[in-house]
Amino acid sequence: MTQLALVIDLNVCVGCSACVTSCKEWNTSGAAGPLSDCNPYDANPTGTFFNRVQTFEVGEFPQTETVHFPKSCLHCEDPPCVPVCPTGASYKRKEDGIVLVDYDRCIGCKYCSWACPYGARELDEKQKVMKKCTLCVDRIYSTTLPEADRRPSCVMACPPGARLFGDIHDPDSVVSGYTLMPEWGTQPANHYLPRRKTTITIHEDQLVRADNPLKIDGKLPKPSRQQPTLDDVTSW
Amino acid sequence: MSSTPLHDPLAEPVSGAKTETYTTTCYMCACRCGIRVHLRDGEVRYIDGNPAHPLNKGVICAKGSSGIMKQYSPARLAQPLLRKPGAERGAGDFEAISWEQAFALLAERLGKIRATDPKKFALFTGRDQMQALTGLFARQFGTPNYAAHGGFCSVNMAAGMIYTIGGSFWEFGGPDLERARMFIMIGTAEDHHSNPLKIAIAKFKRNGGKFISINPVRTGYSAIADEWVPIKPGTDGALLLALIHEIIAMGLYDREFLARYTNAGELVNLDAVHDEFGMFVRSEVPKEEGCFDPQNKLWWDRVSDRPVITHAEGADPYLFGEFKLADGTPVKPAFQLLQERVRDYTPDWAAEITGIPAATIHRLAYEMGVTARDQKVVLPISWTDSWGKEHDTVTGNPVAFHAMRGLAAHSNGFHTIRALAILMSLLGTIDRPGGFRHKAPFPRPIPPCAKTPDTPLAIRPNTPLDGMPLGWPAEPDDLFVHEDGSPVRIDKAFSWEHPLAVHGLMHNVITNAWRGDPYPIDTLLIFMANMAWNSTMNTVEVRKMLNDKDAQGAHKIPFLVVCDAFESEMTSFADLILPDTTYLERYDVMSMLDRPISEFDGPVDAIRVPIFPPKGECKPFQEVLVELGSRLKLPAFVKKDGTRKFRDYPDFIVNYETEPGSGIGFLSGWRGKNGEKSLSGEPNPRQLEMYAANNCIHHYELPLSYQYMRNWNKGYLEWSQRNRITRYADPIQIHLYSEVLQSFRLAAQGKGISRKPPEHLRKRVETFFDPLPFYYEPLESQATDRHKYPLAAITQRPMAMYHSWDSQNAWLRQIHAHNYLFVNPGTAKAAGIADGGWMWIESQWGKVRCMCRYSEAVEPETVWTWNAIGKSAGAWNLAPNANESQLGFLLNPVISEELPASNGGTQSNSDPITGQAAWFDVRVRIYPVKPGEPEQTSPQFEPMKPYPGTRPFLGDWLAYFAGSKK
């Protein structure tokens, strides 16, 4: 069974928000659009985004980590947002596991957003329907886009290539990783990859080698001839 | 309930819509990625990265993805505007005029200036990627008063590196992360280059390289660094000098590289009474004088134990020691002098200054040195060096660095960056795999050949300037000064105050013009620079200067012209506003004559093409210059009979040649009658078409043997000469020791026959023109009571915003609608400031009320904020109560553009060598607001109002949907 999903590599995500606005520009004019913005040029602008990056700090100075954490619908294998929907507007596609909202059925009751433990759903305050990531379902199956472009907008945009897209059930797929809050039993399809640290170990013998150029120029540290030596104190 | 959705999520939302796709070049920042603009029924459907573009390879950033909201922004200007008679500058009272009126007015005014005293016209531009045209216009006009924004951006990075290795970061070169094993990023550098660096860092990390970030703040790319080394701002020079100390002390330098490719082994004259003291000993007078290093210097040969001409067959220089020439002249190799210089710059010494533990500095030096030495990259690429030696391989030492404004924006930045370039050279990483690599047209000779005039006589009525407005001084006689040593330029660039101000000092133009020092001007034309807000130091006072009048009631800066696409803060001070277009409505060139988008493997230039006609009456700034140039009959813009030479800017791009028949023009691709020639060739009438059909780029890939070691690569240098990219094909030796600097010092010491500095600047020139890098506390810090102002304050640029440009962008402003001052919790608590609380940040120059955000990702003696998020009320056509002006803030009001000078006057708050604006030197204190103070940013300014022709956004909702509504 196919389960399409994103794997987000926190090891290389620099928090640039390319995924945030590339998603917005594709989807606002796409099948799931428009994505409304309230007070766009006024105080407290707020709008519908399928994808946001949260940045937070872990640890205390100087052992601080700054984490950029992109968040969107995780397309759970057991999505709690689906059974709570009173109109059947929230549904999970059998063919690829994508969780979608049928705007024509949605009454904006927000039950789904209460049920979602990840805070991934946003009510479009203008249209009064619930909106969320579609995995760019209108791109990936498009018959008009070139083959290479049939990928989610955020995946194509991501400069460090931190967003991988594929079938999480396919053992040959590039996508795997860890899941968010597994204790909720939602089996999120989207996965995350952790930070990894590269260190360099220097051994002392690497610092005093035979090919040290100081030998050529006669500067390898040696005591001056005036300093005391054994010759000064003993004749054996 | 039916399981079939009512709404088909795959259906094309608009059936039968007309779709089109065009390729062009992004301009949401200066990175210049390739983009595809997709239209639906004539409106922008989406913009994505062009996969066929060498720079971004299909990716795109948050800004680039939000181009739609720039194109349709309500802050866009739509027609030329003239300040209403009697209205104050800054009040924003304008009336619309026609372009014909605007041109007539400008042509008359500028014509009079040109016929009398051309220097009374000053042209300064926020953009430095249009210099091929703007620089030409200024020169043809005859004014020396021209520069782009480099002086307040990162000129120290350009000058410090180019005066040392003949190339620099960003457009001119960069880290080769494809092959590096270790990458060290120092200071804020996120914005130059943006997407290419993100792509490269991710790949580098995935390949298991170690990424170290040295920065007072851990944000941006530093977040994913394997190691974060917090450092106190302005102390990077101390760290770099201590690293050099360790690398030399442990013998971790690349001796072979230093001996052959740098001036490490060259003998310096140490006869203290000699006029040539501190200069290299020459074996003979060069046959030809030119802009290159003659190969006439000496080594002390280890093999024969006597002085020989450098690179003599079989010779190998001593790098250490002291020797006496046959005539008794005492000499030392330059490397010996460097070693003596860094002797006391120990890790323990640097630890005190930088706040980095000495053990960390030792370890960093060892990691760099051992990685460079033991993980060599050897490529089977044969090449021939400048001395005729053939090499079968290219060797790289895989340690790469990157830095930009974090190092540059300090008054000690030039020497800091020289130290960085020297460290990179000691590790043997220059134009080698895994290290630093050049991008064409670099490397250039040290210094590059372009020169300004050296006398005010070069400025004559109705005559082009006899020389370039900007250049690269090689010695005191190259300075652009009067007989008495006083400055010729309004910004005092290339004077004894800032001799190597190779990008000018835009940050002092308004203050100098207002004060009439060195002289008053008549007309100031500013293109795309927000000098009444975030692009100026001392924002509050500069705004007053812009509107200040003399006793007769006339403005001290008589006429102010601003060209911009948006209703920026600066536009409100203009007498005349010229509405520019967006990047989707114009032709542009990323030219080899300016700053192209070259790759490591060879030259690349690019164009922008218009996808849409200009909005309303908007006109690209280039068209304005071509029109004015024609009306003013500037020689390059008219035929012999005085009639107009170029129909418009596209015509100019295609047909302009640097000299008649030179075959060199703005673009290097598809030259020749039928587009069959590259780099040079006669104009091709279909050139722009051919660019447009080829992703708007021209990429000339060099043969592999020309791609490395280009400072000394005979094949490359001769190729470069044949194609007239350089005049000389001589090797470009790395200047560990800088004779250029020493020549200025000698002048200050009264030696030799060159010009001498005026008395009040003698000590300053002697101190700072040190041929070897040294560390000094930033000048503002030296002039500050550090006890009263204990903290450093700096800014970083958010990746989703470009300067002040994007607050009018409905999507991007939702990511950064207002900013906080980030303070280490320990520091904030000690000052009694709560997380999220209102506070004051105050320097000796001014103060700002803002909100505090605790952060563990900033070193305790530094506070910082995002740059240019704060806006003036009503600016950029935002509502007067928008978050940007009420909660957001600028740091600029606490930063001064001047410091007290030794002669009792003032001097630019800049690097004393290059004039680089010392933004990051400011020292501050912080304290909480008093009870009852308003919860609002201070200072506030009179809200700006919409101009004629701009359309404020009506209603509460924006629901963008391209093309016909569904």
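Q: Starting with helix α6 of chain B, residues 195-206: what span should its 12 residues have, and how far apart are its end C-alpha atoms?
A: At 1.5 Å a residue, the 12 residues should span 16 Å, and the end C-alpha atoms are 17 Å apart, which agrees. Keep in mind that this is a predicted model.

Q: Is α6(B) mostly covered or mostly exposed?
A: Mostly covered, since 10 of the 12 residues in α6(B) count as buried.

Q: Which ones are buried in α6(B)?
A: The buried residues are Asn195(B), Pro196(B), Leu197(B), Lys198(B), Ile199(B), Ala200(B), Ile201(B), Ala202(B), Phe204(B) and Lys205(B).

Q: And what covers the buried residues of α6(B)?
A: The cover includes two elements of chain B, β9 (182-186) and β10 (210-214).

Q: What comes just after α6(B)?
A: Gly208(B), which takes a positive phi of about 85°.

Q: Now β10(B). How many of its residues are buried?
A: Five of its five residues are buried.

Q: Which way do they point from β10(B)?
A: Lys210(B), Ile212(B) and Ile214(B) point one way, while Phe211(B) and Ser213(B) point the other way.

Q: In what sense do β9(B) and β10(B) pair?
A: They pair in the parallel sense, over five bridges. One bridge links Met182(B) with Lys210(B) in β10(B).

Q: What do β9(B), α6(B) and β10(B) make together?
A: A right-handed β-α-β unit.

Q: What about β10(B) and β11(B), how many bridges there?
A: Three, and the pairing of β10(B) with strand β11, residues 227-229 of chain B, is parallel. Within it, Ile212(B) has Glu227(B) of β11(B) as its bridge partner.

Q: Switching topic. Which strands of chain B close into a barrel?
A: Six strands do, in the order β29-β33-β30-β32-β31-β36, and the pairing is mixed. On average, neighbouring strands of this sheet are turned by 45° against each other, direction ignored.

Q: How many bridges join β29(B) to β33(B)?
A: Five bridges join β29 (residues 791-796) to β33 (residues 862-866), and these two strands of chain B run parallel. In this pair, Ala793(B) stands opposite Val863(B) of β33(B).

Q: How do β24(B) and β25(B) run?
A: Parallel, with four bridges joining β24 (residues 559-564) to β25 (residues 576-579) in chain B. Cys563(B) stands opposite Leu578(B) of β25(B).

Q: Next, the contact between the chains. How many residues does it take from chain A and chain B?
A: It takes 74 residues from chain A and 82 residues from chain B.

Q: What gives the most to the side of chain A that touches chain B?
A: α1(A), with eight residues. By class, that side of chain A has 34 nonpolar, 26 polar and 14 charged residues.

Q: Which strand of chain B pairs with β2(A)?
A: β37, residues 957-958 of chain B, which pairs with β2(A) in the antiparallel sense over two bridges. There Asp37(A) stands opposite Leu958(B).

Q: Back in chain B: which residues of α19(B) are buried?
A: In helix α19, residues 714-722, the buried ones are Lys714(B), Tyr716(B), Leu717(B) and Ser720(B). Their cover includes β18 (383-384) of chain B. Just after α19(B), Arg724(B) takes a positive phi of about 55°.

Q: Last one, Ala365(B). Where is its place?
A: In helix α11, residues 358-374 of chain B.

Q: Buried or exposed, and why?
A: Ala365(B) is buried because 24 other C-beta atoms lie within 10 Å, and 20 or more are enough to be called buried.

Q: What does Ala365(B) touch?
A: Leaving aside residues up to four places away in sequence, Ala365(B) touches Leu243(B), Glu246(B) and Ile247(B).

Q: How far apart are Ala365(B) and Thr416(B)?
A: They are 51 residues apart in sequence and 17 Å apart in space, C-alpha to C-alpha.

Terms used:
Residues numbered from 1 in each chain as written. Chains lettered and ligands numbered in written order. Predicted model: local features only at pLDDT ≥ 70, side-chain atom pairs only at ≥ 80, totals over all residues. Expected span 1.5 Å × (residues − 1). Contact = placed C-beta atoms within 7 Å. Pairing = 2+ DSSP bridges. Right-handed = clockwise from strand over helix to strand, strands pointing away. Axes fitted to C-alpha atoms, helices over the stretch in contact; angles between N-to-C directions. Nonpolar A, V, L, I, M, F, W, Y, C, P; charged D, E, K, R; others polar.
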